[in-house]
Amino acid sequence: MRRLSIKMRITLWYAAVMTVTVAAAVAFLFYASRKEMRSSTAYTLQDILREDFAQIDCEDGALVFDEDFAGAQGDVSVSVFNADGGFLYGKTPKGFAIATPFADGRLREIVSYGTEWYVFDRMEALDGYGSLWLPAVVSADAVAKTYGSMLRKALLLLPALVLLSAVIGYLLTRRALRPVRQITATAEQIGESRDLTRRIALGEGRDEVYVLSNTFDRMFDKLEEAFEKEKQFTADASHELRTPTAVILSTCEYAAAHAETLSQAQSAISSIQTQAQKMSALLSQLLMLSRADQGQEKLQWEPVDMSELTELVAEQEQEAAAARGIVIHTQLEPHLLLLGDETLLMRLLINLLENAVKYGQENGIVHIALTQDEDSVIGSIRDNGRGIAPENLDRIWGRFYQEDASRGEASGCGLGLSMAKWIVEAHGGSIRAESRLGEGSVFTFILPKKNRIS
Ligand code: ADP
């Protein structure tokens, strides 16, 4: 049974259930028709008796039978007995011995010499004579003739019905399972051709198979999206690593061929060091993001003084800001404590502040504010730099996204904001950016003081 297809299994079950149902229906039919047969036999015999009794008269104390008194009508025999059970007139069938006592108005089943008979007795009072018993007899075989032919028809009909229901069941199941074949075919095609753009596309429908196929299609959408992202990520990461690698290689080649003095060699080494630092920073960010993706980056929860941390980061960035003539202005409520991972929160602040300095207006101002409400610490970092085009505002959080394709030396690799977003969300908070082109940007984060995620 286990090896049979669902179609075959349903068909067999269908046929089995139909067999039982039809058999039960036929059994009921036999039972009901047998009952019907008994009562219609009783009626027939009663009618014949009534007719025959009308043919009996009494003249001077003696019985006179009309010539219309049949005695036998078809398979039915009628006889007349006196009140004491003495035979007077009429016929009894061959092989039937009349059995007394008579039972007035009731159909009796009597077996006589191995044959079954139906007997209907009637007691009638004849004027001038007294009581008479009139039994009418018919053999059960004669009655069962019609009954037997019905039985044969029903027995022939039974397998025909079962066969018909099995065929209909098979066709219906095949029709209902057609979409399943489509699902299987699509899955096979995706597996063989590795083409994630294929869909089952059964269209709109309400039954379970349609729901299943639409769920699969949505899953394929997500898989395709994830797969594309993964491909893009690998391509971007390789691209980002290729530039510093190429610079290192060409600097090495140049220095090996042309550096003659110590200072020339030192300048080559320092340029190599800058590129190697860039690669190292990129690699550690990539590592962190991939560990975060796999859920392996565990947060070290501890009480963090966000005010102190922000002050520290602002001081660290002073030098880079001063290089562009930018003044960092802080407005921090003191001792704003929250439960979080200090290293990650520091990375968040650095990434946001570095961006504000990098993309801020030369000789401009970067404003850092830190406040709180009942549950959260709210931070904002504002610059008056070039701003972000509205159509790019959602995309800046994507990995390797950089608004300006012609990147200067100072630009990063487009991972800073995606990491900032991950850090805030890992702390159960949220982050958003508002910006106007040419006027500046504000990045606002909200971090819960007591963390629910841990
Ligand atoms: P990057 O390493 O390029 O700074 P980020 O993920 O930190 O990468 O930022 C992504 C992009 O968002 C940047 O390339 C830049 O175009 C834009 N951006 C981020 N911060 C600012 C800002 N303060 N002002 C203007 N543009 C910004």
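R199 and E224 form a salt bridge in this predicted model, with 2.6 Å between the closest N and O atoms. A salt bridge here is a side-chain nitrogen of Lys or Arg within 4 Å of a carboxyl oxygen of Asp or Glu. The pair links distant parts of the chain, 25 residues apart. R199 sits in the loop between helix 3 (178–193) and helix 4 (208–258), and E224 in helix 4. Helices (H or I, at least four residues) and strands (E, at least two) are DSSP runs, numbered from the N terminus. R199 is partly exposed, at 23% relative accessible area. E224 is also partly exposed, at 22%. Buried means under 20% relative accessible area, exposed over 50%, and partly exposed in between (1.4 Å probe, protein chains only). Shared partners join R199, D221 and E224 into one network of salt bridges.

Residues are numbered from 1 along each chain as its sequence is written. Local features need pLDDT of at least 70, side-chain atom pairs count only at pLDDT 80 or more, totals for chains, interfaces and linings use all residues, and side-chain values use heavy atoms, without hydrogens and water.

The structure holds 12 salt bridges. One of them joins the side chains of R108 and D121, at 2.8 Å from N to O. R108 belongs to strand 6 (residues 107–112) and D121 to strand 7 (residues 115–126), so the bridge ties together parts 13 residues apart in sequence. R108 is buried, at 12% relative accessibility. D121 is buried as well, at 0%.

A further salt bridge pairs R324 with E362, the closest N and O atoms lying 3.8 Å apart. R324 lies in the loop between helix 6 and strand 10 (327–332). E362 lies in the loop between helix 7 and strand 12 (365–372). The two residues are 38 apart in the chain. R324 is partly exposed, at 24%, whereas E362 is exposed, at 53%.

Helix 6 (residues 306–323) and helix 7 (residues 342–359) also meet. Their axes come within 10 Å and cross at roughly 40°. Axes are lines fitted to C-alpha atoms, for helices over the stretch in contact, and angles run from 0 to 180 degrees between N-to-C directions. Helix 6 is therefore oblique to helix 7; angles under 35 degrees count as roughly parallel, over 145 as roughly antiparallel, 65 to 115 as roughly perpendicular and the rest as oblique. Contacting residues (heavy atoms within 4.5 Å) include M306, L309 and V313 in helix 6 and L345, M346 and L349 in helix 7.
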